[in-house]
Amino acid sequence: MSGIYLHIPYCKQVCYYCDFHFRVAMKDKRAMLDAMKQEIALRKDYLRPPGFEEEKIPAETLYFGGGTPSVLTGGELADLLETLSRYYTLAPDAEITLEANPDDLTDACLADLRRLGFNRLSIGIQSFFDDDLKMMNRRHNGREAEQSVEAARRNGFDNINIDLIYGLPSGDEKRWQANLERAFALNVPHLSAYRLTIEPRTVFGRKQAKGEKFSVSEDIEIREFEMLTEAAENAGFEHYEISNFARPGFRSRHNSAYWQLKPYIGIGPSAHSYDGQSRQWNVNSNGGYIRAVNDGDENLFEREMLSPGEMYNDYVLVSLRAVWGVDVEYIRNRFGAVFSDNFLRQAESYLQTGHIEKHENTFVLSRKGKLIADRIASDLFAEM
């Protein structure tokens, strides 16, 4: 089965660290949602398996991301879900996720989400400290962050993720420890924690280019990551992907499908899709997206056909970040001995230094290997 992603490109205000595609002005929201429904219809066969003759395509996960999907009303969400139901059959146990800001999660909003079939929430908390939130230009405060989780539980949501950010400019380890303690005290079953990255097109990036400092030292980032992994382990969480931690049975099925290279379709501006042989990504502009969909324009998206080497590199990159690791027998069977021999040769030095561990035919990152995961993956890539 496959996954469906809908990108809702609106936010009520700009978060200074965010590099995702969004707009604050919502004057074109009606036209945008109509275009997204039209794209769903236009691309209804993208995920169709070869030889599959049923009218509707099976899917096992549905994910509303952004932007801030929780800015949509219950009626707007229902409209999108109804359109999807014409072309897809969701599995009876499908995971249906909505990303949300804490201050959007009122009892009325949560009741609508439950009625519409959403069964998982991903709440963008980032920090429980008000001055951190103000510095990042978040809309909520620390108390609202806690209240949003309490409200979600009160309205029947058990499958809840919260996002946190480490490596904030304060570089205060005690504050990070307090953030972790407050997160685990909420008893959520999933935590995503991301290092603050200063991207050039963000507010932080533009300010840093003018001399303001937002990055912290690598030593602080490493220490806070170590604190994170230790606290999560002590709280009974599995560190199943570099930035993701889950209690048993609560891994994100949608994101895990990305990391297992299962096919998925992305609807909306800037959304990405993958069919196993190619990647494609929609135009990164609200106006351009609406025009392209309405005109049936081939400029709606760009597509890249993947070579065997690119597919191999994708497999190594995503698998190495996850707890299931890289299976060298899979590489041999899927890509050939040249690639598996290359992997074994390149991995040997990291086995010797203890950054990679071998379990039969599977290679996984050790705890210290996770600190330099991207560097290791790059060294293991095949030369193109």
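The axes of helix α11 (residues 308-320) and helix α14 (residues 373-380) come within 9 Å and cross at roughly 155°; axes are lines fitted to C-alpha atoms, for helices over the stretch in contact, with angles from 0 to 180 degrees between N-to-C directions. That angle makes α11 roughly antiparallel to α14 (over 145 degrees). Helices (H or I, at least four residues) and strands (E, at least two) are DSSP runs, numbered from the N terminus.

**Helix contact**
- Y312, V316, L317 and L320 of α11 meet I376, A377 and L380 of α14, contact meaning heavy atoms within 4.5 Å.
- The residues of this contact divide into seven nonpolar, no polar and no charged.

**Open sheet**
- Three strands form an open sheet in the order β13-β15-β14, with antiparallel pairing; two strands pair if DSSP finds at least two bridges between them.
- β13 (326-327) and β14 (356-359) are at the edges with a single partner strand each, so one side of each lacks a neighbour in the sheet.
- Four bridges join β14 to β15 (residues 362-365) in the antiparallel sense, and H359 stands opposite T362 in β15.

**Parallel pairings**
- β2 (residues 57-66) and β3 (residues 88-100) pair in the parallel sense over seven bridges, with L62 opposite I96 in β3.
- β3 also pairs in the parallel sense with β4 (residues 120-126), over four bridges, and A100 stands opposite I123 in β4.

**Basis**
- Residues are numbered from 1 along each chain as its sequence is written, and side-chain values use heavy atoms, leaving out hydrogens and water.
- In this predicted model, local features need pLDDT of at least 70 and side-chain atom pairs count only at pLDDT 80 or more, while totals for chains, interfaces and linings use all residues.

Technical notes
Angles under 35 degrees count as roughly parallel, over 145 as roughly antiparallel, 65 to 115 as roughly perpendicular and the rest as oblique. Ala, Val, Leu, Ile, Met, Phe, Trp, Tyr, Cys and Pro count as nonpolar, Asp, Glu, Lys and Arg as charged, and the others, Gly among them, as polar.
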